[in-house]
Amino acid sequence: RQSPGSYSPKPGWRGGGAGLAEHLWAGSSNRTAAHLQDMEKARPLWDNPLQFVFACISYAVGLGNVWRFPYLCQMYGGGGFLIPYVIMLVVEGMPLLYLELAVGQRMRKGSIGAWKIISPYLCGVGVASVVVSFFLSMYYNVINAWAFWYLFHSFQDPLPWATCPLNSNRTGYEEECEKTSSTQYFWYRQTLNISPSLETSGNVQWEQALCLTLAWLVVYLCILRGTASTGKVVYVTASLPYCVLIIYLIRGLTLHGAVNGLIYMFTPKLEQLSNPKTWISAATQIFFSLGLGFGSLIAFASYNDPSNNCERHAIIVSLINSTTSIFASIVTFSIYGFKATFNYESCINKVILLLMNTFDLEEGSLTADNLSEMKDYLMAAHPQEYAQLLPQLKNCSLEAELDTAVQGTGLAFIVYSEAIKNMEVSQLYSVLYFAMLLMLGIGSMLGNIAAILTPLTDSKAITSRFSKEVISGFVCFINCIIGLIFTMEAGNYWFDIFNDYAATLSLLLIVLVETIAVCYIYGLRRFEKDLHTMIGRKLNWYWKTMWAFASPLLIISLFIFYLTDYILTGTLQYQAWDSTQGQLVTRDYPSYALAVIGLLVASSTMCIPLGALLTFIRKRLKRERVSTVA
Amino acid sequence: MIFHLPLQYAWDANEEYLFKAMMAFAMRRYSSKSTTQISNVLLCNVTDRVSFWFVVTDSSKNTTTVPGSEVEAAIRMNRNRINSAFLLSDKTLQFLKISTTLSPPVEPSTPVWLIVFGVVLSLIVAGIVFLVVSGIRKHKKKNKESTERENLEEKGEVTITIENGIPCETLDLKAGHVNGVFAADDERFTSL
């Protein structure tokens, strides 16, 4: 497997900056290694390949696996959704992941430098990646702030979201809390203190600002020393979520009513396979779940030893990512089932109590089983009183409870906390759960920040003036200040804007350009040769066909679909919380919000053509200068 | 007043007796008169649900009932005792027309979350300070060593960089690496 001239690095050697030029020095490995040690500013490396794999897993396995995949599974045919999901994994996920890792490991630079090497006209791709990563890190850490908030509040007995607070004269509960549930009240009022619409910005919530600052300090601590510190942290952020998921799996499956959820969700509804949205959602989920196009994978892989087998790692990471999604959805569905059964039984009990109080029936005469017969009997026996009672009698249905499909922050912070408050020892489960969310979030944040910092530390102009710690601190500080926008009362609406629009279209374009660049501009044969030199194995025909044809076609179709979808929907709308009704209402975005959305998408996508144009102009000027001199 | 309760035990005449006794007890405690007897509490309209109406008469003034507000106040004062006598709670033992004043949850002086936040924050800040300080110390050590090496580097601005098989025209020369192997190697060869 050793190609001629390559050598294995001596233990303790941490440099590696000379690329593969050393293959010219066959037989002189001792001398070469010693000289390379003399070089200044050698590229830092991961201590062992396991750190790299853990970093990729920690980055790829994020909140999307927990709060997006179960929703998609539920909406698009339950168990049947796994079919398009696995197909997309094979066609799109693994090849694109391998591509990014291979590029990073080969070029040994961050995204800007790597694409510059492939072709100078593509420096815009790297810049676009950095811009998208910057947008993402701005708003993503707010989720960690919320996770911290809930984590800190989990140390109380009873949990603060278990009961509604009392109103001012202590005769009952707060009005807003009465209309909705205590968990929703805690989320919308006590955590976010959300305003009724985007226009009313409100003040910065100091509690959330504190939590955000803490979240950024934690991120700074983890990236302070580059791979030396990140490499240790990812051991924790990658493994702790699995421990918690296993605990929750055991707890979830033993909960009363969990089986209802599992059966309902996993029974395949194969007719959904004919719905194009199913396939598109599967492709989108695989694409965004792996975190392609942000430059984080390139950054992580650039710290690799050149002979690292990134092909194997790409397969491992993508498989682990997908199995984690499925695993997390089993846990989520059992929690759903528990919550739905609990609500259904409370509803039934309320109806029973109401009927017993009104008709003075004996205790135990009405049960869940004979409820419908007794209702008919009472309707016949006392028609007038029953008719009076009718508006208060709710029709309790288990399917209706199970059908409430929730995704995103709603699932993570409302549905789960509602289920947790009904468990025994709820504080322990709450702490575990929010610690898991925190680990998932921080793991992804590390990848995003690495995507921003690696190109910055690659550039000699910046590193000559400032040290790595100062650059990292500066980036974290800027992001923290901008992130304060999301702690305002209308912050959650801005968060939704960033979440929905900052990355979606741009990433598709970036990855499309990446794939075409590697296959057609750099040349697939050339890349194949480079990989053979690096890894020592010939490239399988599967990778080649996927890179050259299948993945670009798939991304183009996704891109066209999203564009047409945006154009056809007309005005964009958002969900606003109405405190008087106690539920979400749909509103239109104001014009300045639409301008911000346009700016978000444009600022990242325009980098690609602008970069090419600037390079073209620069080359033209240089050629003219050279020709005038000559 | 109607008295509703779902029971864990059978409701019979003994339980009714206990109820009358509790009401008499409540009235005695409230009005500090020791005149209320069990016979003053009258139950009527007992249903299977177990719910009934009851009134408290005043034996000092014949056949007059104690006003509802007084009975209400008495029950409110002794709610806890009445509840525990029947192994019930405010939710399961309902006196209509007496709305419960809900007890507010116990609030500690400093909110718990701030304490946890403070602990975590100080740990993180300590970690950052430690890493930054040790980084500055390492920097100072390296600076001393690197002044020796600067001489080597200045000689080594070699333009022949064959970087991974990519010819140099496609690369911007400034982006290439200074290949220290070439630079340092010149020193090792004996001069001709």
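The paragraphs below lead from an annotated site in chain A to its aromatic pairs. The model is predicted, so local features need pLDDT of at least 70 and side-chain atom pairs count only at pLDDT 80 or more, while totals for chains, interfaces and linings use all residues. Residues are numbered from 1 along each chain as its sequence is written, and side-chain values use heavy atoms, with hydrogens and water left out.

The UniProt record, an unreviewed entry, places the feature "binding site" at A:A60, A:V61, A:N65, A:S289, A:N321, A:L440 and A:S444; such annotations may be inferred rather than shown by experiment. Although these positions are spread over 385 residues of sequence, they cluster in space, with a largest C-alpha distance of 12.7 Å.

Among them, A:N65 lies in helix α3 (residues 63–67) of chain A, helices being DSSP runs of H or I with at least four residues. A:N65 is buried, at 1% relative accessible area, where buried means under 20% with a 1.4 Å probe and protein chains only. Leaving aside neighbours within four places in sequence, A:N65 is in contact (heavy atoms within 4.5 Å) with residues including A:A60, A:S289 and A:N321. A:L440, in helix α20 (residues 426–458) of chain A, is also buried, at 3%.

A:Y139 and A:F498 form a tilted one, at 6.0 Å centre to centre and 55° between the planes. Because A:Y139 lies in helix α7 (residues 123–153) and A:F498 in helix α23 (residues 491–501) of chain A, this pair ties together parts 359 residues apart in sequence.

Notes. Chains lettered and ligands numbered in written order. Phe/Tyr/Trp six-rings, centres within 6.5 Å; stacked < 30°, edge-to-face > 60°. Helix = DSSP H or I, 4+ residues; strand = E, 2+ residues; numbered from the N terminus. Buried < 20%, exposed > 50% of the residue type's maximum accessible area, 1.4 Å probe, protein only.
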